[in-house]
Amino acid sequence: MVETIETSSKMSTSPLKVKQMRKSCLPFLKYRLTSPQATTVDNPILGNITADGPLSTNRRKKATDRCRQTKGKDPMKGTELVLKALIDNKVKFVFGYTGGAIMPIFDEMEKQKAFKFIMSRHEQGAVFMAQGISRASLSTHDPRTGVCMATSGPGAMNLVTGIADAGMDSVPVLAITGQVPTGVIATDAFQESDVVGVMMPLTKQTYMPLSIDDIESTIHEAMYVASNGRSGPVVVDIPKDVQIQEADSVCKIDPRACQPKVPGYFASPSLDMDRLKQAVSLINKSVRPIILCGHGVISSNSGPTLQALVERSRIPVAFTLHGLSAIPVDHPASLGMVGMHGTVEANRALLHADLIISLGMRFDDRVTGNLAEFARHAEVIHVEIDPSEIDKNVKTTVALNADVKQVLDLLERDPALVSRPRNSWFAQIDTFRNEIADQLNAEIDAGIGQEGQLLAKTIVSRLSHLTRGKDIIVGDVGQHQMILARFYNFQTVNSWFTSGGAGTMGCSLPMAIGVKLARPDERVWSVSGDGGFQMNIQELGTIMEHGIDVKIVIMNNGYLGMVRQWQTLFYDGRYAGTPMKNPDYGAIAGAYGIPYLKVSELDQVDAAIEAARDHEGAFMLEFLCDPSEIVLPMIPAGGGIGDMIVSISK
Ligand SMILES: Cc1ncc(C[n+]2csc(CCOP(=O)(O)OP(=O)(O)O)c2C)c(N)n1
Ligand SMILES: [Mg+2]
């Protein structure tokens, strides 16, 4: 049977839960103990846990029908079925870290060598590597869902931040964790943690198969849920005894039939054509429209269609942090990034627009600033695959609950869409664009900050120039991240990866490993601050062991720079907990056999970047950066877009 735990009672008591349920598109069901056969487990505390309830016969039949199981020859173990399902899903890499409760699956991987196993040096590294595979491959002809594995207890708990991160950024990831045997669940057994309980609010779905008969279909369903509709992480927690159970007979499963029949799960909403017409007429009427391009444009592989639409309709386009690299960022209609650290032109245009066309984005507070002041005089068209995002933060005039690709394809070809020159709107945008352009260019050219050290914006501009904006950039979190988003001239679709929603320091190095494995023919730069780099520094071991060609850049300003910036601006310059003594990165690079250059002078910058660029294999660059650099413009937390600080003197 398939036992479900209905969460509706929780929904009525906890608003947070309600939000989570809506966000996940799984309003009725979040956690499944799956077992098509009646399973009774003798548990010392809970007594007999029976995964066989009043609805079991019906549900068992449904599960069986769904997956069309037919008998085969040799019995297989649970571990073999896990691998079989992963192979059927064309998994090429598995990232992870072993331990007692996951040993049987690792043992089977070693026997079969069916895919490449990459041992991270910390489980958090494994999730970010899996994320890297998913994020980078989604724009290729061969999109993959990254897979990671960890043991029970501390191993699984070390996955938590990376799983939460994947949830916030809608990245498909499958995490398989070993759990203590069913007989001792809830006894505080050695290395037992309530993985399902912890992961449930962070994931799209969490499973614990209680019988071998459900393992294969559960993995297929998990892969489907992770990568369909609005993507996200899914966890399958498999008790050790279930891993080593033997099936009475081999089931032949049709993976395509293992799609969840979950009430409320709208993987492919159908587009309302009347509303599309309303949207077109709003666009035709608009004098000052702006497109806000979110990550949905990239994940639906619609960058080129968006570019064609922008050119045909003459509508300027601004990007969320994750929308960057949907089209070349120096396109004449591009305004660059919007929001807290967005460009003057993007934010001012948003403020003055009479129509906001939001594509595959969720009006994050870092984009909108104070909601009370957002889009007060503008109509809003919101195209979004997840219905729970519509009208969540910003009230829409026309909501299109649909795959952004479908809408863009139709809009771009729609003869009813009128192309207008909008010359005065573009002229107004040019005045916004020029507001601080000279000042920024002068700073970039000078290259040196108030304390006599290198400016990160100069380094990023040189990196952009020397790679012609064509390389892949994996940014960490902090000032350098915002500077990358602002000053790297992204030319390739889906070439910018970072942790946005969660803002997880330490994401860059492991994510870059996954990205490089997914797109081996492209050059990949992992750019971190000195703080974030040290959070997953151990993954240098993974790079060394597998010879992964990632160019590593450390922007060393001796501080947790972004927090320091807030302290400078809003805490009277008291630098609490932000100065940092750094280790000898050259010695660390040497210990991992990675060539290294330290750069303190402006005239060394180009040569160092070229050396890393042209070297075959991993290379580490450390830039000594000026701690006084402030990333501007900035919309102060809680402020509206109109409160944007453009320069400190003003
Ligand atoms: C795991 C985690 N802890 C704390 C923070 C809060 N935080 C955001 S940016 C930042 C400073 C980052 O410093 P660094 O990595 O040196 O980059 P910089 O800002 O100096 O470029 C901190 C502490 C975070 N985002 N993630
Ligand atoms: Mg720093």
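Strand 19 and strand 20 run side by side in the parallel sense, paired over six bridges; two strands count as paired if DSSP finds at least two bridges between them. Helices (H or I, at least four residues) and strands (E, at least two) are DSSP runs, numbered from the N terminus. What you see is a predicted model, in which local features need pLDDT of at least 70, side-chain atom pairs count only at pLDDT 80 or more, and totals for chains, interfaces and linings use all residues. Residues are numbered from 1 along each chain as its sequence is written, while chains are lettered from A and ligands numbered from 1 in the order in which they are written.

**The chain as a whole**

- The chain's secondary structure comes to 27 helices and 22 strands.
- Of the 650 residues in the chain, 55% are buried; a residue is buried if 20 or more other C-beta atoms lie within 10 Å of its own, exposed if 12 or fewer, and partly exposed in between, with C-beta atoms placed from the backbone.
- Among contacts with a separation of 6 or more, 76% come from residues 24 or more positions apart; two residues are in contact if their C-beta atoms, placed from the backbone, lie within 7 Å.

- Strands of a sheet pair through backbone hydrogen bonds, either parallel or antiparallel.
- Here, six strands form an open sheet with parallel pairing, in the order 18-17-19-20-22-21.
- Strand 18 (496-497) and strand 21 (596-599) stand at the edges with a single partner strand each, so one side of each has no neighbour in the sheet.
- Strand 17 (residues 472-475) pairs with strand 19 (residues 524-529) in the parallel sense over four bridges.
- To trace that pairing, look for isoleucine 472, whose bridge partner in strand 19 is valine 524, and for valine 474, which stands opposite serine 526.
- Towards strand 20, glycine 529 has methionine 555 as its bridge partner.

- Strand 19 is mostly covered, with six of its six residues buried.
- In a regular strand the side chains alternate between the two faces of the sheet.
- In strand 19, Val524, Ser526 and Ser528 point one way, whereas Trp525, Val527 and Gly529 point the other way, and all are buried.
- Helix 22 (residues 508-518) lies across strand 17, strand 18, strand 19 and strand 20 (550-556), and runs at about 175° to strand 19.

**Helix 20 and its two partners**

- Helix 20 (residues 456-466) packs against helix 21 (residues 479-487) at an angle of about 45°, with the axes 9 Å apart; axes are lines fitted to C-alpha atoms, for helices over the stretch in contact, and angles run from 0 to 180 degrees between N-to-C directions.
- That makes helix 20 oblique to helix 21: angles under 35 degrees count as roughly parallel, over 145 as roughly antiparallel, 65 to 115 as roughly perpendicular and the rest as oblique.
- Helix 20 passes helix 21 in a right-handed crossing; a crossing is right-handed if the near helix is turned clockwise from the far one by less than a right angle, and left-handed if anticlockwise.
- Ala456, Lys457, Val460, Ser461 and Ser464 of helix 20 meet Gln479, His480, Ile483, Leu484 and Phe487 of helix 21.
- The residues of this contact of helix 20 with helix 21 divide into five nonpolar, four polar and one charged; Ala, Val, Leu, Ile, Met, Phe, Trp, Tyr, Cys and Pro count as nonpolar, Asp, Glu, Lys and Arg as charged, and the others, Gly among them, as polar.
- Helix 20 also packs with helix 27 (residues 605-614), at an angle of about 50° and with the axes 10 Å apart.
- The crossing of helix 20 and helix 27 is right-handed.
- Ile459, Arg462, Leu463 and Leu466 of helix 20 make this contact with Val605, Asp606, Ile609, Glu610 and Arg613 of helix 27.
- The contact of helix 20 with helix 27 has five nonpolar, no polar and four charged residues.

**Backbone spots worth a look**

- Most residues other than glycine have a negative phi, and most peptide bonds are trans.
- Asparagine 494, in the loop between helix 21 and strand 18, has a positive phi near 60° and is buried, with 24 other C-beta atoms within 10 Å.
- Arginine 422, in the loop between helix 17 (404-413) and helix 18 (423-434), has a positive phi near 50° and is partly exposed, with 19 other C-beta atoms within 10 Å.
- Leucine 632 and proline 633 are joined by a cis peptide bond, with omega about -5°; proline 633 is found in the segment after strand 22 (619-624).
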